[in-house]
Amino acid sequence: MARLLLILAVSLVALPARAQSPGELRELALAFEHNDEGQVRHYASVFRGEGTLGRAFACIELAFAGASLRRLIDTPLDDTALADAVHALTTLDRETQTLSESATHCGDVEGLPRATSLPVELAYLRTELDLASELASEALRAQADETTAVLVEEARRLLGEVGRKLEGWPTDAWPFARATWEGLDPPPAVEREWRFRSPAPSIGSGVLVAASGITGFVGSLPSLATGEGIPRGIAGAWGLAFGSIAAAVAGAGWAKHSRALSIAGAVMVTLAGSGALLAIGMLDEPRGRWFGGGLLLGAGLGALWTIGSFAHLRHHRDADDAWRDFVQGLSVSASPRGASLGWNARF
């Protein structure tokens, strides 16, 4: 019974890590690949918590928050710049808060000195930092330049206090963050966006609609005046105009990841192609067959764009498949000692 309760407790701890979206984790991998500190910090903040993944993300966030503070501490303040003092105080307030919250989940790890003790050591400064940040923001809004000297002095004092707590902390968080992330053995950072995505098919089809439609309209004017039937070539132009409308919708699915556009384009192209084959096979007049030929040409072009449109959808699914397995790799199982929590990535 005790073992069952222990396994249940570990399972509950692991749930936050299991709940992460494969798409979000893939976006995080791309952020690492592109050296996008803002995105990495955003996802680390979202994912931090208990368990294997949660603790790893908390440590990544902790590394970036500490590095940001170290850089801020090492940057000299201008005695006459109100904005610099306000920036220093508000950043101190925000980053120390992040530091304390992430350190609580991360604990002591190699490369981040005294991480466990930081929340306690910074706790007595929290009230001062909150108040100084609020006063600095109000001074900036009021353009109270007469407070600059006081705020600069306060910023230097608080920077010195925090700096003493972060002695020996790395100013570059990337080496630690990358090592922690790669230690989870993530899949490759596959771009979700299809690299062949382009608005050219839809734009080209739209131009074809306009050109053939204008040709058909202008060519039909003499026939409207005389009451005679339109020429075969003009009938073909009308068919191409209608067929290109379906091609333009399919081309939009090539350019934009949208299941609705892909399905709409496929349906319209199928209808246009079917109508074209019926016109060619059943109409006796040459202009009817020419209309069917133009419609078939537009539908054929749309069929190419439809293939690309569904390739776009497939690429998105492929980009997330490995990450879905990655998320499902967190496992909880019984062991001779009670329970084991491990990472079992399957590829």
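## Salt bridges

The count of salt bridges comes to 10. The structure is a predicted model, and the contacts described below are computed from its atoms. Side chains of opposite charge can pair when their charged atoms come close.

One of the salt bridges joins Arg-71 to Glu-37, with 3.6 Å between the closest N and O atoms. This pair links distant parts of the chain, with Arg-71 in helix α4 (residues 51-74) and Glu-37 in helix α3 (residues 37-47), 34 residues apart. Arg-71 has a relative accessible area of 36% and is partly exposed. Glu-37 is also partly exposed, at 24%.

Arg-41 and Glu-95 meet through their side chains in a salt bridge, at 2.8 Å from N to O. Because Arg-41 belongs to helix α3 and Glu-95 to helix α5 (residues 82-106), the pair ties together parts that are 54 residues apart in sequence.

Both partners fall under the 20% limit for a buried residue. The relative accessible area of Arg-41 is 17%, so Arg-41 counts as buried. That of Glu-95 is 3%, so Glu-95 is buried as well.

Glu-128 and Arg-157 form a salt bridge in which the closest N and O atoms are 2.5 Å apart. Glu-128 sits in helix α6 (residues 118-141) and Arg-157 in helix α7 (residues 148-165), so this contact ties together parts 29 residues apart in sequence. Glu-128 is partly exposed, with 31% relative accessibility. Arg-157 is partly exposed too, at 34%.

Salt bridges also occur as a network, which links Arg-48, Glu-61 and Glu-101.

Across the whole structure, a search finds nine aromatic pairs. Among them is the pair of Phe-242 and Phe-291, whose ring centres are 6.3 Å apart. The planes of these two rings stand at 65 degrees, so the pair is edge-to-face; the cut-off for that class is over 60 degrees. Phe-242 lies in helix α10 (residues 232-255) and Phe-291 in helix α12 (residues 286-328), so the contact ties together parts that are 49 residues apart in sequence. Phe-242 is partly exposed, with a relative accessible area of 45%, and Phe-291 is partly exposed at 27%.

Trp-254 and Trp-305 form another edge-to-face pair, with 5.5 Å from centre to centre and 80 degrees between the planes. Here too distant parts of the chain are linked: Trp-254 is in helix α10 and Trp-305 in helix α12, 51 residues apart. Both tryptophans, Trp-254 and Trp-305, are buried, whereas Phe-242 and Phe-291 are partly exposed.

## Leu-297 on helix α12

Helix α12 also contains Leu-297. With a relative accessible area of 55%, Leu-297 is exposed, because the limit for that class is over 50%. The C-alpha atom of Leu-297 is separated by 9.8 Å from that of Ala-247, a residue 50 positions away along the chain.

## An aromatic cluster

Seven residues form one aromatic cluster: Phe-32, Tyr-43, Phe-47, Phe-57, Phe-64, Trp-174 and Trp-181.

How values were computed
Residues are numbered from 1 along each chain as its sequence is written. This is a predicted model: local features need pLDDT of at least 70, side-chain atom pairs count only at pLDDT 80 or more; totals for chains, interfaces and linings use all residues. Side-chain values use heavy atoms; hydrogens and water are left out. Rings of Phe, Tyr and Trp (its six-membered ring) pair if their centres lie within 6.5 Å; planes under 30 degrees apart count as stacked, over 60 as edge-to-face and the rest as tilted. Helices (H or I, at least four residues) and strands (E, at least two) are DSSP runs, numbered from the N terminus. Buried means under 20% relative accessible area, exposed over 50%, partly exposed in between (1.4 Å probe, protein chains only). A salt bridge is a side-chain nitrogen of Lys or Arg within 4 Å of a carboxyl oxygen of Asp or Glu.
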